[in-house]
Amino acid sequence: MKTGIIQQSLSGFYDVLADGQLYRTRGRGNFRARKIKPVVGDRVEFADGYLLKVLDRRNQLVRPPVANIDMAVVVTAATQPVFSANLLDRQLVGLEEQGIMPVIFFSKVDLLDGETFSRLQAIADGYSQIGYQVFFNRDPFAASQLKTLVESLKGKIVTMMGQTGAGKSTLLNHLAPGLNLATGEISQALKRGRHTTRKVSLLDVDGALIADTPGFSSYETFDMTVEELPRLFPEMRKLAVNCKFRGCLHLKEPHCAVKDALEHGIIMKSRYDDYVQFHDIIVNQKPNYKK
Ligand SMILES: Nc1nc2c(ncn2[C@@H]2O[C@H](COP(=O)(O)OP(=O)(O)O)[C@@H](O)[C@H]2O)c(=O)[nH]1
Ligand SMILES: [Mg+2]
Ligand SMILES: [Zn+2]
């Protein structure tokens, strides 16, 4: 018996990567009855061409179906569509909740005028100061930047994230030139044609395992509690030890280190405003009985 990672799934077959080699397998007969659906990224035990066991998942995405994701490249358009800090923060919070490390990649920086470039540069710097790795370059696909990105993703299971038109497919094509994903208008036309393939693969890009289906766009639901939410903002998590009250939500509490930092311009106002907005959304959400 061997242990490996499913690198590709196609009509009932699973190609498992184990000690640098690919093994073609099928699910064990009783998987269907037990409602076990192996997905790309799953760590599995297998022998003689059959998957015997799917090991516990650290996390799981539905679109694309990938498990055990370590990192997500949040492809963020600097323009077209216009940059939205709110959308970026929603994505970051969702990833933090699932224990997926975000990397922020700004696309379309080449299209910015000088003034907008400076404004967005300051915002990008703000996210770096929080501790996120940020890619913000006049030429988004400069070889040096792509090299640094791949270095960061090495040895990780990775997915692309970002709204439609952000540039996910374009970036993937730069990382894996053989892929030839449709981009822009063409990819929209394909979608309308309901041209769906069931194949999902992890591409080995210099040791980074990157999902070939650029996936999920935004988080509309917040399924964390209001107590959990501030911990999903790294800059608040760091400051919270200095708040007077344990479990401070950084809203109306006195002697709050986060509000203090906000007043002194140490943390970004847009981040704090989004935190308050997400807090209110959770408070007003109908209870989710599925949880
Ligand atoms: N100028 C410029 N155009 C880009 C960049 N990234 C993506 N695009 C264009 O934006 C459009 C949408 O990109 P696409 O990769 O299909 O977005 P997706 O929906 O996130 O996969 C396409 O026409 C791309 O050529 C970039 O960094 N600079
Ligand atoms: Mg695309
Ligand atoms: Zn506080």
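This is a predicted model: local features need pLDDT of at least 70, side-chain atom pairs count only at pLDDT 80 or more; totals for chains, interfaces and linings use all residues.
**Exercise 1. The strands around S9**

Task: Work out which strands pair with S9, and in what sense.

Solution: 
- Start with strand S8, residues 71-77, which pairs with S9 in the parallel sense over seven bridges. Within this pairing, Val73 stands opposite Val103 of S9.
- Now look for the other partner. Strand S10, residues 133-135, also runs parallel to S9, and three bridges join the two. Here the bridge partner of Val103 is Gln133 of S10.
- Next, follow the chain between these strands. S8, helix H1 (residues 85-98) and S9 form a β-α-β unit that is right-handed. From S9 the chain passes through helix H2 (residues 114-130) to S10, in a β-α-β crossover that is right-handed too.
- Six of its seven residues are buried, so the strand is largely enclosed by the rest of the structure.

**Exercise 2. The zinc site**

Task: Find the protein donors of the zinc ion (ligand 3) and decide which geometry their angles give.

Solution: 
- List the donor atoms: SG of Cys243, SG of Cys248, ND1 of His250 and SG of Cys256, at 2.1 to 2.4 Å from the zinc ion.
- Read their order along the chain, where the spacing is C-x4-C-x1-H-x5-C.
- Check the angles. Four donors count as tetrahedral if all angles lie between 85 and 135 degrees. The four donor atoms here subtend 105 to 114°, so the arrangement is tetrahedral.
- For comparison, the ideal angle for four tetrahedral donors is 109.5 degrees.

**Exercise 3. Around ligand 1**

Task: Identify which residues come nearest to ligand 1, then locate polar atoms close to its oxygen atoms.

Solution: 
- Of the 16 residues around ligand 1, the nearest are Asp110, Gly165, Lys168, Thr170 and Gly184.
- Take the backbone next: a polar backbone atom of Gly167 is 2.9 Å from an oxygen atom of the ligand.
- Then turn to side chains. Ser169 places a polar side-chain atom 2.9 Å from a ligand oxygen atom, and for Thr170 the distance is 2.6 Å.

**Exercise 4. Lys269**

Task: Is Lys269 buried or exposed, and which side chain does its own side chain contact?

Solution: 
- Apply the cut-off, which calls a residue exposed over 50%. Lys269 has 54% relative accessibility, so it counts as exposed.
- Look for its partner: the side chains of Lys269 and Asp273 make a polar contact at 2.7 Å.

Notes: Residues are numbered from 1 along each chain as its sequence is written. Chains are lettered from A and ligands numbered from 1 in the order in which they are written. Side-chain values use heavy atoms; hydrogens and water are left out. Buried means under 20% relative accessible area, exposed over 50%, partly exposed in between (1.4 Å probe, protein chains only). Helices (H or I, at least four residues) and strands (E, at least two) are DSSP runs, numbered from the N terminus. Two strands pair if DSSP finds at least two bridges between them. A crossover is right-handed if, with the strands pointing away from the viewer, the path from the first strand over the helix to the second runs clockwise. Donors are N, O and S atoms within 2.8 Å of the metal (3.2 Å for Na, K and Ca); water is not among the atoms, so sites may look incomplete. Four donors count as tetrahedral if all angles lie between 85 and 135 degrees; four count as square planar and six as octahedral if opposite donors are over 155 degrees apart and all others between 65 and 115; anything else is irregular. A residue is near a molecule or strand if one of its heavy atoms lies within 4 Å of it. A polar contact is a pair of N or O atoms within 3.5 Å; within protein, one must be able to donate a hydrogen and the other to accept it, and residues adjacent in sequence count only if both atoms are side-chain atoms.
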